[in-house]
Amino acid sequence: MVSDHSSHNDYESTTDSMPQWLIHDENYHPNSVKNSGLLKSEGIIVKLLDRLQAESSVSKNHRLHPVTYLVNLIVALFILSYTSLVYVVWAVGIIEAAMLITLPGELLIKILKRSFWLLLLDALVYIPSFFLGTFNWLFLIKMFLILIASITYASSTSVFDFIIALKQLHVPNFMIFQFDIFVKHLHVLGMQLLQMLHAVECRTVGDSRSHRKLWSLIVGNLYLQMVELGKELFDALEARAFTGKYAYMVHKIKSTDILVLCADVLAIIAVIIIQIH
Amino acid sequence: MDITENTNDTEKLFSIHNLTFGYQDKNVLNEVNFTINRGEFVCFMGPNGGGKSTLLQMMLGFLKQQSGDIFYKGCNVTEWLNDPQLKREYHQQVGILFQNVDIQLFNSTVYDEIAFGPKQMDIPEEEIENRVNDCLNIFGLNHLKENVPYHLSGGEKREVALASVLALNPDVILLDEPLVGLTYGNRAKLLRVFGQLNHIGKTIIMITHYFDQVKDLATDYVIFGNHDAQKKTRAQVLEDPELLQIVSEY
């Protein structure tokens, strides 16, 4: 009973069982140590979790319909991969520029910066072709436009927008379900891993020499927890009589959406006509 | 390395100065001030979302306050945590038992789990073994020494996690809702250990909603609510019917 042990006087008799080393101050001063790679991984996980949870960076008034964003991305990727005609590439560039200027200034700069740095990486890989005589400027321009289209999509929409777009494009429910579960699991897994790293950090009081062993222990434990969580998730879905049908919030289609979708359709028709002739 | 040498008032362990924190547009804590002294048994009480766990996270450096400071032994916690060497010293002195103990247990046996901390402190193997056995003795868990922590019951996991914190011999023990999900008997067992630890000089900071079970143990309370946190002594809480009513409802 708690009342038997609840007053301070009662502890005087029972604290005799406490070991001497616990009664005295530790007076521990660790040797010179560096932050381990294990603890540095926290930043990456936090960024990934933020991305999975992130809402769209575009304000509600300026945001297009999720389907418009997805269709626009697919059309841009399709045309840029398919065509080798300079003026078609420029036309796609103009459509993308029109999409970009509707975004807030900060986001616009972020997208351009990211696209530029990624293009630089691609260009480095592409350098040997310059010496082999197969270098093509159009390829790099297309690559830049593909990067802009992809990063614009990733920055303007959230994971939930993507799921809504899939649903409205009549993608089979089981595929959406798999994707949705995957994303949710990824988020829970990330959260769990982050908390585990925090817990390890709190108990890292010296030079924990075997980081590889520690990683394997953490990953093993995480795996066991995820298996259990997966089972619980399916049981919970069954218990709630989940039929595989998704409910989603209805988004209104604006005039801007129609404009962008018309431009996309026209671009595809133009490419097909040019290809036929 | 000792950055606390210049601190005159060694009794003050944690000092919270004008601490403000919020999530996006939601303000959680606004200009909070209080001090926790050595040897106190402080219970953080308040409504859900009142900022109790948030403050604990900030004390460990996992969340960054918008303004204000947290001092530990007279030095800013940021200063403790920015230097890898001081950070380890801080973590040895300030132990934490998380609410979700599953994240805290990752070793393959209970023995390894408890020995994880001391092994990093260059303590002789024989003394490590003694420490582990002592920690197991405190909770009466000797029979579980070779067991896999993952397969233990909820109550046993919490005790093993606490034993692994005690093995570091911390000065302060932070407890994030350690009594949640336990039977009355297990709660009583844990509270008995907390009381003993406090009696031998450990400072205990515990988040809890079980006022009835901690009212005779706690020396002080920090009461959260309305973006604020006020520290009150046990006498102040017990003698003020209004305050007593508030904490009883948490």
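The model is predicted, so to speak of a local feature pLDDT has to be at least 70, side-chain atom pairs count only at pLDDT 80 or more, and totals for chains, interfaces and linings use all residues. Residues are numbered from 1 along each chain as its sequence is written, chains are lettered from A in the order in which they are written, and side-chain values use heavy atoms, with hydrogens and water left out.

Start with the interface. On the chain B side, 56 residues are in contact with 49 residues of chain A (contact being heavy atoms within 4.5 Å). Together the two chains bury about 5100 Å², with 59% of that on carbon and sulfur atoms; buried area here is the accessible area (1.4 Å probe) lost when two parts are put together, summed over both. Arg88(B), Phe106(B) and Tyr150(B) account for 16% of what chain B buries against chain A, more than any other three residues.

As for polar links, 19 residue pairs are in polar contact between the chains, both partners at pLDDT 80 or more. A polar contact is a pair of N or O atoms within 3.5 Å; within protein, one must be able to donate a hydrogen and the other to accept it, and residues adjacent in sequence count only if both atoms are side-chain atoms. Helices H3, H5, H6 and H7 of chain B each put at least two residues into the side that touches chain A, and H7(B) gives the most, with 10 residues. Helices are DSSP runs (H or I, at least four residues), strands likewise (E, at least two), numbered from the N terminus.

Glu26(A) is buried at 17% relative accessible area, and Arg131(B) is buried at 2%; buried means under 20%, exposed over 50% and partly exposed in between (1.4 Å probe, protein chains only).

Within chain B, Lys73(B) and Asp171(B) form a salt bridge, their closest N and O atoms 3.3 Å apart. Both sit in loops, so the pair ties together parts 98 residues apart in sequence. Glu159(B) and Lys189(B) also pair, at 3.1 Å, linking H6 to H7 of chain B. Here Glu159(B) is buried at 4%, whereas Lys189(B) is partly exposed at 22%.

Key. Salt bridge = Lys/Arg side-chain N within 4 Å of Asp/Glu carboxyl O.
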